[in-house]
Amino acid sequence: CTSLVRVLSDRSSISWIGNSAFEGCTNFLSFSFLSLVKSIGDYAFKNCSSYVNEMDFTNATETGIGCLEGCTGVTKLTVSHIGQRKIAGAKSIAFLYGYEELSVEKINLYDLKELGMNLKYITLTNNEEEELISSGAFMGLMSLYEIKLPTSVKIIGENAFYGCSKLHKVENALGVERIESSAFESCSNLGIIELSRITSIQDYAFAKTAQVDSLRIYAPLSLD
């Protein structure tokens, strides 16, 4: 399907995109009403390298493994679920790029050099009020520049953003209460994150983030 350029659909006509549905459509540019689709199959958009619009999975309750593998033109992603479960406690972002499992232990980031190439902006819509960004959720996503968290998030897990060397801004972190070990380690470009309810920052949470220029912490007042 190398000649397919775009899909124009009625607002209510497509709710499911199957496995490898557009795999190899290297000239595919756009899909109208993608944000309304509820299920994205495995490798659905694999190697759609010309797709430069936002991948908007706002209403997708299932996103298959490798559905964005090879989508090197995508710079912006909106997502509420990874795999068949909620973003918190579910698969890491690497699942969408074809990595079945990633250990939360520190790994050789060179092995992830092609993870989410050019993906700079992520918005987590998380419609089910999850409170956790899971361990290793965005580990090694070196192109990530800005992420917008759901306002419900209270915990940022171990190694959640480890090695996101271009990450500069974290939005909607005001409700975060705990940042676990190495959550932002080696985020050397981190510049803006505001915390107003923080009660615990664990070991190495911000290690090697020398560029932080607007780390505002408003710690709760203790009356003990």
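This is a predicted model: local features need pLDDT of at least 70, side-chain atom pairs count only at pLDDT 80 or more; totals for chains, interfaces and linings use all residues.
User: Let's start with serine 39. Which strand is it found in?
Analyst: The strand to look for covers residues 39-40. Serine 39 is found there, and the strand is β4.

User: Is serine 39 buried or exposed?
Analyst: The cut-off for buried is under 20% relative accessible area. Serine 39 has a relative accessible area of 11%, so it counts as buried.

User: Which residues is serine 39 in contact with, leaving aside its neighbours within four places in sequence?
Analyst: Contact here means heavy atoms within 4.5 Å. With those sequence neighbours left aside, the residues in contact with serine 39 are Ser15, Trp16, Ile17 and Glu62.

User: With which side chain does the side chain of serine 39 make a polar contact?
Analyst: Glu62 is among the residues in contact with serine 39. The polar contact runs from side chain to side chain at 3.5 Å, and the partner is glutamate 62.

User: What separates the C-alpha atoms of serine 39 and threonine 63?
Analyst: Along the chain, these two residues are 24 residues apart. Their C-alpha atoms, though, are separated by 6.2 Å.

User: What is the bridge partner of isoleucine 17 in β4?
Analyst: β2 and β4 pair in the parallel sense over two bridges. Look in β4 for the partner of isoleucine 17, and you'll find isoleucine 40.

User: Now for serine 182. Is it buried or exposed?
Analyst: Serine 182 is found in the loop between β15 (178-179) and β16 (192-195). Its relative accessible area is 4%, and the cut-off is under 20%. So serine 182 is buried.

User: With which side chain does the side chain of serine 182 make a polar contact?
Analyst: This one also links two side chains, and the distance is 2.7 Å. The partner of serine 182 is glutamate 185.

User: What is the bridge partner of arginine 178 in β17?
Analyst: Two bridges join β15 to β17, and these strands run parallel. In β17, arginine 178 is partnered by serine 200.

Methods:
Residues are numbered from 1 along each chain as its sequence is written. Side-chain values use heavy atoms; hydrogens and water are left out. Helices (H or I, at least four residues) and strands (E, at least two) are DSSP runs, numbered from the N terminus. Buried means under 20% relative accessible area, exposed over 50%, partly exposed in between (1.4 Å probe, protein chains only). A polar contact is a pair of N or O atoms within 3.5 Å; within protein, one must be able to donate a hydrogen and the other to accept it, and residues adjacent in sequence count only if both atoms are side-chain atoms. Two strands pair if DSSP finds at least two bridges between them.
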